[in-house]
Amino acid sequence: MLHSLWQSVLGEIELSVSHATFTTWFKNTELISQNDAGIVISVPNIFAKKQFEVKFNDQIKTILAKNGINPKQINYIVSTTGKHTRLNRETTVEPTASSSLSPADDLLSNSSRSQSAPTPAVTGGLNPRYTFDNFIVGSSNDLAYTASRAVAASPGVKYNPIYLYGGVGLGKTHLMQAIGNEIIKNDPKTRIVYISIETFVNEFLDHIRFKKKGFSDKYRNVDVLIVDDMQFIAGKEKTQEEFFHTFNHLHQNNKQIIISSDKPPKSIPTLTERLRSRFEMGMAIDIQMPDFETRCAILNIKASLSGVTLKQDTIEYLATNIKTNIRELEGALNQLLAYAEMRGIEPDISTAEGLLGNIRHSRPQHISSKQIIDRTAKHFQLDANEICSEKRDKYIVVPRQIAMYLLRSELHLSFPKIAIELGRKDHTTAIHSVEKIEKAIKLDFLIREQVASIREKLYA
Amino acid sequence: MELIVTQEKLNRALSAVSRIASIKTQLPILSNILLRTDGTRLLVAATNLEIAITQYIGAKIIKPGSITIPARLMSEFISSLPKESVELKVVNDNLHIKSGSYNSIINGFIADEFPELPTINESSSIQYSIKVEDFKQAVSQTIITASNDSARPVLTGVYWNSHQGQLYLAATDGYRLSERRLVETKSEVSAIIPTQTLQEVLRNITEESDQIDILFDETQVRFRINDTEIISRLIDGNFPDYRQLVPSASETVITINKADFVRITKIAGLFARESGGSITLTADKKKKTLSVHSIASQMGENTSETDAEITNDGQITLNYRYLSEALSVTDGDIVEFGFNGKIAPCILKSTKTNTDYYHIIMPLKS
């Protein structure tokens, strides 16, 4: 009640004063009591108190009167309660002159620390929803899953760092957070920090710009450091250097480091050599697209979490039509369930067809076979004509096969049509090429990555 | 506003206050200083919303009034003028400054925009008049051990507290701690004054000042030196109960000539730069010597020795910077350095009988 009244007063004042004035004086103010004698407003410091008494008193009275309150008088008190939560946050340890020699103990370790509220283990940024239990394991991610389990069981010992990479929506974040949550579960005192590299970059910039202290300690005093979206460190040289030192410090002290990225270390452009080699020294595992069975399993579990059991054909329909990404898969499922509930109909295959028809067909509509060929050629720095030519040089053959594969997988063209598009007379070449790439995708990382990257550009 | 003032007085006032008028602030007016007539005096003030400094200077007031103007330009202009009288006149929110053949117009803002300077309840019972020498010594002895880690705000100030009828100053950064008794007190005090405030007060002490008046209320403190007033917020929070950390007795006590101790510490420090300042002190009871050892793996090593009175053999490893800083603020010619084994805090104080000061340092793990 008091709070909402004060909010409306603040709202009105904000309109009448400059932004700087408002943030300087009105931040951290609160209306704390109201009775017959008058009202009391808490302000953050002595300067604000005086300012309110002299400058803003009349204005506040007028606005309060508009809200039907005519206090006899307004008292202002200095109160920093608003800031207490900030003061009680984790106490960072001071930097020491040397890393090998540290003071035997903090003088205040048993006095001040015990006074401040017992600091719960820093669960920095972990979402407890992500656990190993609700991670669905299939052939595409079982290696990553097993390695993550091993890391969670003995952090800092096995696979350090563990580097997970793969496309969007394949479960990297889920796995990393699951490791963190599992470690916390085993030992609640572990200090874990989960950040996106972007946060790291921003904090680093703040640290430079405003000469903030304690930046390096923040990340060096943890037991487990989880960094998401490492690819965004590309091109940020100073950040790479800072991260390099943080990495070394943690690694030397046997602290676990967990990294995710959408590319393997060697494919991140402008990543300095020393970081690249470090990322590769633990274990780098890719998470691949889930196969059909895994997609079905995911849909089954997600549907049952929403309290719905879907018919097998519906699930298969969804799993067949959405292949790229689990997030999209979930989105489609949610869309289907919401649609069915709204209309009061069964979320069966016909509903799914009606609803997802546009998802399925939307893609081929704006992609032409020419685009696929051009993109592929461009990716390999070839001319489209070369791909369509008779040449059988190796550097042309593979791109040509990839182009055929993409024509088949993205546009569902018939083999004879594919052959015609690429100037072949015989459609068996097309059959052979598509089969070859399908096989290669499972075995050869390079091919897989190239296909994924061309596909990404096609839909970009 | 129209008045005449001497360049010397105005320059001194401006240089005292303009330092805290910061340009790095979200409220642009805070980079200005306030000029306001106050009876027969001119008030010159600036604030950064943590502290406010006010200077009163005598002036010939022709027409009362006020204005705020950019601090830096004003103080640099005035300091460049010869030592003559300066005429200040406000015309249309601009300040016209005339001194001899120098004429300037500085664009100002109306003074209404300037934050109100806080006032303190004069009737507060917590007030002290302290000799400038004592104040200066006590503050400089303790301020060096205050922390600058903003994550633990209570440690970033000096704790003024009353204990058994005495006023004490104490500060700690978690690795060292110092305490100094200042004066007797009848009232109960418990206030943490930000180090920046105290540094500002020290800067404002001039040769003419001999007494400093300090007045506390619940949330603020005011220092008054001659015609300068500094009002500051206090740091909110509870200072750790540091008295329990003071070692009651030391197993090894070294009584040593301070100058000798300073010299061997300094020499050992030269060789300790690579090892993070770590030096090892060894007390030998039989030989009656204290030796200091430090190693610079690339450059060599050093062992220095000096005579001392020693109660028991012992060894301790310290950061030499902490030790030399502690020695530099400890008074007296002979000091007493005591410790209990390698990992307990060690204590340094003067051997003078009524010593008011002690300094505690945590050893390094060796």
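**Figure 1. Parallel pairing of strands S5 and S6 in chain A of the predicted model.** In this predicted model, strand S5(A) and strand S6(A), the latter spanning residues 224-228, are joined in the parallel sense by five bridges. Within this pair, Ile195(A) has Val227(A) of S6(A) as its bridge partner. Helix H7(A), residues 172-186, packs on the sheet and touches strand S4 (162-165), S5, S6 and S7 of chain A. The direction of H7(A) makes about 165 degrees with that of S6(A). The open sheet to which these strands belong has five strands in the order S5-S6-S7-S4-S8 (chain A), with parallel pairing. Its edges are formed by strand S5 (192-196) and strand S8 (283-286) of chain A, each of which pairs on one side only. From one strand to the next, the twist averages 15 degrees.

Figure 2. Asp262(A) is located in the loop that lies between strand S7 (256-261) and helix H11 (273-281) of chain A. Is this residue buried, partly exposed or exposed? Asp262(A) has 18 other C-beta atoms within 10 Å and is therefore partly exposed, since 20 or more would be required for a buried residue and 12 or fewer for an exposed one. When neighbours within four places in sequence are left aside, the contacts of Asp262(A) are Tyr165(A), Gly166(A), Gly167(A), Val168(A) and Gln231(A). Of these, Tyr165(A) is 97 residues away from Asp262(A) in sequence, yet the two C-alpha atoms are 5.0 Å apart in space.

Figure 3. Three strands form an open sheet with mixed pairing, in the order S1-S2-S3 (chain A). Strand S1 (30-35) and strand S3 (74-78) of chain A are the edge strands, and each pairs on one side only. Direction ignored, neighbouring strands of this sheet are turned against each other by 20 degrees on average. Five bridges connect S1(A) with strand S2(A), residues 38-43, in the antiparallel sense. One position in this pairing is that of Ser33(A), whose bridge partner in S2(A) is Val40(A). Helix H3(A), residues 46-66, lies across S2 and S3 of chain A and runs at about 160 degrees to S3(A).

**Figure 4. Packing of helices H12 and H14 in chain A.** Two packed helices are described by the angle between their axes and the distance between the axes. For helix H12(A), residues 292-305, and helix H14(A), residues 326-343, the axes come within 10 Å and cross at roughly 45 degrees. The two helices are therefore oblique to each other, and their crossing is right-handed. On the side of H12(A), the contact involves Arg295(A), Ile298(A), Leu299(A), Lys302(A) and Ala303(A). These residues meet Ile326(A), Leu329(A), Glu330(A) and Leu333(A) of H14(A). The contact of H12(A) with H14(A) comprises six nonpolar residues, no polar ones and three charged ones.

**Figure 5. Packing of helices H1 and H2 in chain B.** Helix H1(B), residues 7-18, packs against helix H2(B), residues 71-80, at an angle of about 145 degrees, and the axes are 9 Å apart. The crossing of H1(B) past H2(B) is left-handed. From H1(B), the contact draws on Gln7(B), Leu10(B), Asn11(B), Leu14(B), Ser15(B) and Ser18(B). H2(B) contributes Ala71(B), Arg72(B), Met74(B), Ser75(B), Ile78(B) and Ser79(B). In the contact of H1(B) with H2(B), five residues are nonpolar, six are polar and one is charged.

Figure 6. Chain B contains six helices and 26 strands. Of its 366 residues, 44% count as buried. Among the contacts in chain B with a separation of 6 or more, 66% are between residues 24 or more positions apart. Why is S11(B) described as largely enclosed by the rest of the structure? Strand S11(B), residues 157-163, has five of its seven residues buried, so the description applies. S11(B) pairs with strand S14(B), residues 190-194, in the antiparallel sense over five bridges, and Asn161(B) stands opposite Ser190(B) of S14(B). Strand S12(B), residues 166-172, also runs antiparallel to S11(B) and is joined to it by five bridges. Here Ser162(B) stands opposite Leu167(B) of S12(B). The hairpin of S11(B) and S12(B) has two residues between the strands, and Gln164(B) takes a positive phi near 50 degrees in this hairpin.

Methods: Residues numbered from 1 in each chain as written. Chains lettered and ligands numbered in written order. Predicted model: local features only at pLDDT ≥ 70, side-chain atom pairs only at ≥ 80, totals over all residues. Helix = DSSP H or I, 4+ residues; strand = E, 2+ residues; numbered from the N terminus. Pairing = 2+ DSSP bridges. Axes fitted to C-alpha atoms, helices over the stretch in contact; angles between N-to-C directions. Contact = placed C-beta atoms within 7 Å. Parallel < 35°, antiparallel > 145°, perpendicular 65-115°, else oblique. Left-handed = near helix turned anticlockwise from the far one by under 90°. Nonpolar A, V, L, I, M, F, W, Y, C, P; charged D, E, K, R; others polar.
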